[in-house]
Amino acid sequence: MRTRQLELSGWGRTAPSAARFVDVGADELDGTVLDELAEPRGIIARGMGRAYGDPAQNAGGTVVRLARGPIVLDSRAGTVHVGAGVSLDELLRHIVPRGFFVPVSPGTRFVTVGGAIASDIHGKNHHADRTFGAHVDAMTILLADGSRRAITPASDPALWWATIGGMGLTGIVLDATVRLLPIETSRCLVLTERVPNLDSLLERMETGDHLHRYSVAWVDMVATGAHLGRAVLTRGDHASYDQLVAERPAAGDDPLAFAPLGLAAVPTGMPNVLNRLAVRAFNELWYRKAPSSHLGLESITGFFHPLDMVGDWNRLYGRGGFLQYQFVVPFDAVDTLRTIVATVAASGHASFLAVLKRFGPESGGLLSFPTPGWTLTLDLPAAVAGLGGLVGELDRMVLDAGGRHYLAKDATATPEIIRAGYPRLDEWLQIRRTVDPTGRWISDQARRLDLY
Amino acid sequence: MNNAVHQPQTVLVLGGTSDIGHAIVSALVSPSLRRVILAVRNPDAVDVDALSFGSAEVSTVAFDAADSDRHEQLIADVAERFGDLDVVIQAFGQLGAPGLDDPVAAAELARVNYVGAVSSGLAVARRLRTQGHGTLVVLSSVAGVRTRASNFVYGSTKAGQDAFATGLGHLLHGTGARVLTVRPGFVRSSMTAGMPDAPFSCDVDDVASAVADGLRKGRSVVWVPGILRVVFGLLRYAPDVVWRKLDR
């Protein structure tokens, strides 16, 4: 166990706070150690620190990071037993060459399995496969009293569905058994299309998403007028061996090759270079260079994790940091979606490429974010005057349309906003109070949003 | 907790009747703001219902800036009752120009403006360090950057308070707690009513928006108006004979 005093912030680099940061192995955490770490202001687990806001911070308290833990692949069952501190990067390096892929991948490999469960993360395949939590068969959880419990959805349904998407506030997930997706190759066959405006984008996604496992659109949030909501839509599937060799015969020798490289890291001390002018120029170039329609092979990194190729890309926003604002509104709230895109485009706040995606059914997690509808994700420089006002305006539109906000991205919400978006919040609170009556598990976000 | 755009949930104003203090709280109003605590000499004299800061609940507590012995306890009590303090504004202070013939008044000024700032500032800093986050906003003045014959006692108290605040900010570096030192020029307020305007003077709302801006950007010092940073960068080194002539 190693202890340091550290200021921590989320990936958005806003609202830092100081905590006792403890590196610990899962087997070291017993009741005595917990009693000690819980004083004076509770404990929260932290993985790779990729949540954008403050859910993995605990001001004045303790933040624990689990050592990696094991990766045990059962090829016959198609499952992996994995320590919660293992990152998807490490997991993929182990399982892809052996013919498996994670059931759900977010936009980065640098999240832990524990974090993936606590945030019940989603990916480009949500419309087909739901969330990460929907593919977990079993887990071991460390409870507030220091005991460990092996749970499944059948054995402890209440604790299970409070933990999936529960932001680490029911206990620390120590390990999990996850169902994997068998793959023949490490490439994807991707259809890339340039779409001139929002209406045709929505129409194309509604009618064509079900033909592909993966689908996502990158939307230009600076374009206005007739170009409002212009986008590049990418949809794809894992390439079969035959599809791979048909296109690239040489790749047939090692169809499951997977060795992603990080290209370069952004240095510290950068000012915010993603101002409105730069974003406008970039978006224009990016839209122009996209083919009007193209079918081709892409690597896992290129298709799923393009930003992972640039280390510490969050530094591009300068020391003021940025917000990643993600919400979902029901499918019938297309007018709200259009108003929001227009409001942001007209606001003068520069959003780098925004991501639009259609969600499928819910996973069952009481605080899980994905629910059927359109989800839009915006990146906004945080230190710009008036951003609080814009976000407040968007919050109202989202809630009026019956939508909600993603806790793993949230950095500005209020208790009222979360209550309005999550109808099962009280059910979750009741379970939390049962398993953690003294409020040992606590984060800055939990304090900010009254999640205790 | 402060959120990502530095909108606080709980604000404490030491010197809770100050115009500038109220203006800063108004600039920090957002849907996140829930509690405003005004620490004032006489809570009974404050009409809480007449004050409105968004949907925040306004409370008062008794606080005497000159009563240093009780500052530690007061901050502990406030934190106990209201929880974490996200922004604490040190807004109290007296204006006065005691001369050579009034050492008692001069000492009183020093007791409130400097000694009170030190004892309350340390008490607040201790609380912010314990909770691992929060910002102490200290209302200093350009009068302390270079003291003038016409108000050098006041200026010296502000110089002391300013040096204390910036040093405290260095001490707290890495603890999650922060200090924002605010250096306004002449501010038109009830404290300066009837006094003639000085060059580069401003209104309380200018100070408030500069503070909100400084908090959002994580600054350690803000000047109001911003040009005073440059003006005083030069005036600090002006020859004495020039400096005396500039003093009206």
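Reader: Which residues of H4(B) are buried?
Author: This is a predicted model, where local features need pLDDT of at least 70, side-chain atom pairs count only at pLDDT 80 or more, and totals for chains, interfaces and linings use all residues. Residues are numbered from 1 along each chain as its sequence is written, and chains are lettered from A and ligands numbered from 1 in the order in which they are written. A residue is buried if 20 or more other C-beta atoms, placed from the backbone, lie within 10 Å of its own. In H4(B) these are Val153(B), Tyr154(B), Gly155(B), Thr157(B), Lys158(B), Gln161(B), Asp162(B), Ala165(B), Leu168(B) and Gly169(B).

Reader: What covers the buried residues of H4(B)?
Author: Helices (H or I, at least four residues) and strands (E, at least two) are DSSP runs, numbered from the N terminus. Contact means that C-beta atoms, placed from the backbone, lie within 7 Å. The cover of H4(B) includes helix H3 (103-131), strand E5 (134-139) and strand E6 (177-184) of chain B.

Reader: How far does helix H4 of chain B reach from its first C-alpha to its last?
Author: The helix runs over residues 152-172 and has 21 residues. The expected span is 1.5 Å times one less than the number of residues. That gives 30 Å, and the helix comes close to it, reaching 30 Å.

Reader: Which residue just after H4(B) takes a positive phi?
Author: The phi is about 90°. The residue is Gly174(B).

Reader: Why is chain B as compact as a globular protein of its length?
Author: Chain B holds seven helices and nine strands. The globule rule is 2.2 Å times the number of residues to the power 0.38, and the radius of gyration is taken over C-alpha atoms. For 248 residues the rule gives 18 Å, so chain B is as compact as a globular protein of that length, with a radius of gyration close to that value, at 17 Å.

Reader: What percentage of the residues of chain B count as buried?
Author: The C-alpha atoms of chain B fill a box of roughly 55 × 35 × 35 Å along the principal axes. Of its 248 residues, the buried share is 46%.

Reader: How many residues does the contact take from chain A and from chain B?
Author: On the side of chain A that touches chain B, strand E2 (17-24), helix H11 (387-400) and helix H14 (444-449) of chain A each supply at least two residues. Ala, Val, Leu, Ile, Met, Phe, Trp, Tyr, Cys and Pro count as nonpolar, Asp, Glu, Lys and Arg as charged, and the others, Gly among them, as polar. By that scheme, this side has eleven nonpolar, ten polar and five charged residues. The contact takes 26 residues from chain A and 22 from chain B.

Reader: What is the radius of gyration of chain A?
Author: Chain A has 14 helices and 21 strands. The globule rule gives 22 Å for 452 residues, and chain A is close to that, so it is as compact as a globular protein of that length, at 21 Å.

Reader: Which element gives the most to the side of domain 1 of chain A that touches domain 2?
Author: An automatic or database assignment sets the bounds: domain 1 is 71-183 and domain 2 is 187-420. Their centres, over C-alpha atoms, are 23 Å apart, and 30 residues of domain 1 are in contact with 28 of domain 2. Helix H2 (88-95), helix H4 (126-129) and helix H5 (157-163) of chain A give two or more residues each to the domain 1 side. The most, three residues, come from H4(A).

Reader: Is His349(A) buried or exposed?
Author: His349(A) sits in the loop between helix H10 (334-347) and strand E19 (352-359) of chain A. Beyond four places in sequence, its contacts are Val344(A), Leu380(A), Val384(A), Leu387(A) and Leu390(A). It has 23 C-beta neighbours inside 10 Å, so His349(A) counts as buried.

Conventions
Contact = placed C-beta atoms within 7 Å. Buried ≥ 20, exposed ≤ 12 C-beta atoms within 10 Å, placed from the backbone.
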